[in-house]
Structures are given as C-alpha cells and as structure tokens.
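Okay, thanks for coming, everyone. Let me put the structure up on the screen, and then we'll walk through it together.

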Amino acid sequence: MLFNKKALATFVTCALAATTSFSTLAATTLKLSHNQDRNHPVHKSMQYMADKVKEYTDGEVRIRIYPNGQLGTQRESMELLQNGALHIAKSNASELEAFEPAYGAFNIPYIFRDRDHYYRAMEGEVGEKILEASYDKGFIGLTYYDAGARSFYANKEIKTPADLAGLKIRVQPSPTAVEMIKMMGGSPTPLSYGELYTALQQGVVDGAENNETALTTARHGEVAKIFSMDEHTMIPDVLVISSKVWDELSADEQQAMKKAAKESMAFHKDLWTEMTVESIEKAKSSMDVKFVAVEKQPFVDAVKPMHDAALQNPAIADYVRGIDALVSTN
Ligand code: GCU
C-alpha cells in the first residue's frame, strides 16, 4: 500500500470534496472503489451500470470507477465509506460479513445446490433483505454480482480434505472462511487480495481459493498451477453505497441507481459465463494450469456442522432458512 490509512482517508476526502457537493453542483460524481483489474468482468459490469446511471439521470449522477485497489483494499474502502470519505464500494459477501453479519449467510460452504439456487437467493426477498440490513451501519447494498464458485488452487492437487493438512491457505478476512479451512483440516491465513500474488510466489502461503477468473485477471495462474474444483462456496460480489450518500439522492435518482444496478446484474450474468470459459482456456493454454475434478462429498461432510450452527445463530438463522427454502424440489 502506498498510503497509510490516515493519509489515504485524507487524500480521498480531499479528492471527494473537490468533486462532490450534493446541494450546490448540478451534477454529482460518485466515486466507486474496487480491487479488481479493468479486465475483470465485474469492472465491466459496473462500467455498464455507471453508463446506465448517467443515461437515466440525464447526466445528473455520474459514477467514476477506481479499480485495482487504488483507493485501498476492500476493507479500507468499507472504512472510508463508513467515514464518509468514499461513496460506493464493490466488496464481496465474505469481507462484508465483518461489517454486517447478515452477509455471513452467503458464506456457508455448500449452502447453494447450483447456480439457479444462488440466483434465486440473490434476486429474491432474502437477497434484498440482506442488502437492506446494514443501513444503520452506514451503507446499503445496491446489487450482487455473480462471482462463480470458489475452489482451491496451489501447486499440488487438493482432492480430499486430507490433502489440506499442513497447507497454509490464504483466505479473505472473514470468520466463516477461517472456520471453513480449519474444519477441512488446513491452516487459514487471512490476507487482502492485493497481497496474494506475492504471498503465493514467495511461499508465504501454499495455496488459495477463488473462482477461475483469479488465475488470469489477477495472474494467480502464474504462481499456482493446479486448480482443484471442489467448489466449496458461491460468494457474490456486492456493490454498496454509503447510507448518507443514498439519503442525499432524490427519489428519482435512487430509483435510477436501483434500476441500473439491477440491469447490470443481468448483464453480468452472461458476461460471467463467457469470461469464466475464457479464463479457463487461457489458464490452460498460456499458463499451463491443470484443472482437477474433485469428489465433493468429503468436503461437504467436513463442513456440514457450519450449516447446522448457522441455523442456531440468531444473527443469520432467518437468512439461512430463507436460502434453504429456495432449494428447488424438482
Ligand atoms: C473474488 C472477489 C473479490 C475478492 C476476492 C478475494 O475475486 O470478487 O471481491 O476480493 O475474491 O479473494 O479477496
């Protein structure tokens, strides 16, 4: 990180003060921070949303996107947003759990049966309630973006939980992710996304877990050559806006933002499918990454107590039941 946190907050506050005044300027420019590269599908989908917001508000509300963690890690961006120094951030349910426990429901391993189940949760009432739950914590969710399924990658095959024994596995700073790795038998090492490439390269960690696009867009395929497809979690990215900023928008502007956010989620669905296929192809052909099929049941069994415990946890039990109720019976 180039800046320490205080300097970063000051920098962002000054940068924002220069461009935003809800009451005096005709157009409002909202700054959006995220930690992915410009080539990542979620960047493209958020650009799509920004274009729609501009269109629907006749240029009155504009969104300027700062990719690659330029304004800080996901955690730092959330802190800036809560301090009023940033307007919009893209994080994911895993990191948001520390700010709003409701997001923990998405992070339970194997809670989703398949992609349709995942979409029913994101698009349905339970997903909407989770987006709204954090208003008093200084932010609300605008939409989810599909982030596929997360699997392990390292320089060895991870085909059973026993293969994780003795391995340091990088996880996001999320209590659920830490617990999952422990229950599967590995050693969890929380690190920010931006630190991971070097950590893998230098052997600070032995492996990580993410969707396939991390291999290419964050170049992790250069330093981890075996992707073992156990698909333990489906954790969506989440676009959040400061509650204060939200309240300062007019009702029409709020509606335009919601509409654009929803449309960008639909745009992202197809883009995600396409770009995941492309990432797999590229990882195989130009990075020499091997994809390994995994028998999931032993992983499912290892973490089953997490689902049971979540149903007993008053902070998330209703959301977990809501998601469970969306399992298709067909
Ligand atoms: C995914 C997700 C990011 C997150 C990253 C991580 O790529 O889209 O929001 O930061 O996982 O593992 O940290």
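So, which domains does the domain assignment of the chain give? There's domain 1, covering 5–145 + 237–276, and domain 2, covering 150–234 + 282–324. Before we go on, keep in mind that this is a predicted model.

Now, how do these two sit against each other? Their C-alpha centres lie 24 Å apart. The contact between them draws on 35 residues from domain 1 and 32 residues from domain 2. Put together, domain 1 and domain 2 bury about 2,800 Å², and 67% of that is on carbon and sulfur atoms. On the domain 1 side, the residues that lose the most area to domain 2 are I108, P109 and Y110. Those three together account for 26% of what that side buries.

What about salt bridges across this interface? Between domain 1 and domain 2, the rule finds zero. Polar contacts are another story: the count is nine residue pairs between the two domains, with both residues at pLDDT 80 or more.

Let's stay on the domain 1 side and look at the helices. At least two residues each come from helix 4 (93–96), helix 5 (115–123), helix 6 (125–132) and helix 11 (251–287). Which helix gives the most to the side of domain 1 that touches domain 2? That's helix 5, with four residues.

And if you sort the residues on that side of domain 1 by type, you get 17 nonpolar, 12 polar and six charged. That's my tour; over to you.

Methods
Residues numbered from 1 in each chain as written. Predicted model: local features only at pLDDT ≥ 70, side-chain atom pairs only at ≥ 80, totals over all residues. Heavy atoms only, no water. Domains from an automatic or database assignment. Contact = heavy atoms within 4.5 Å. Buried area = accessible area lost by both parts, 1.4 Å probe. Salt bridge = Lys/Arg side-chain N within 4 Å of Asp/Glu carboxyl O. Polar contact = N/O pair within 3.5 Å; in protein donor to acceptor, adjacent residues only side chain to side chain. Nonpolar A, V, L, I, M, F, W, Y, C, P; charged D, E, K, R; others polar.
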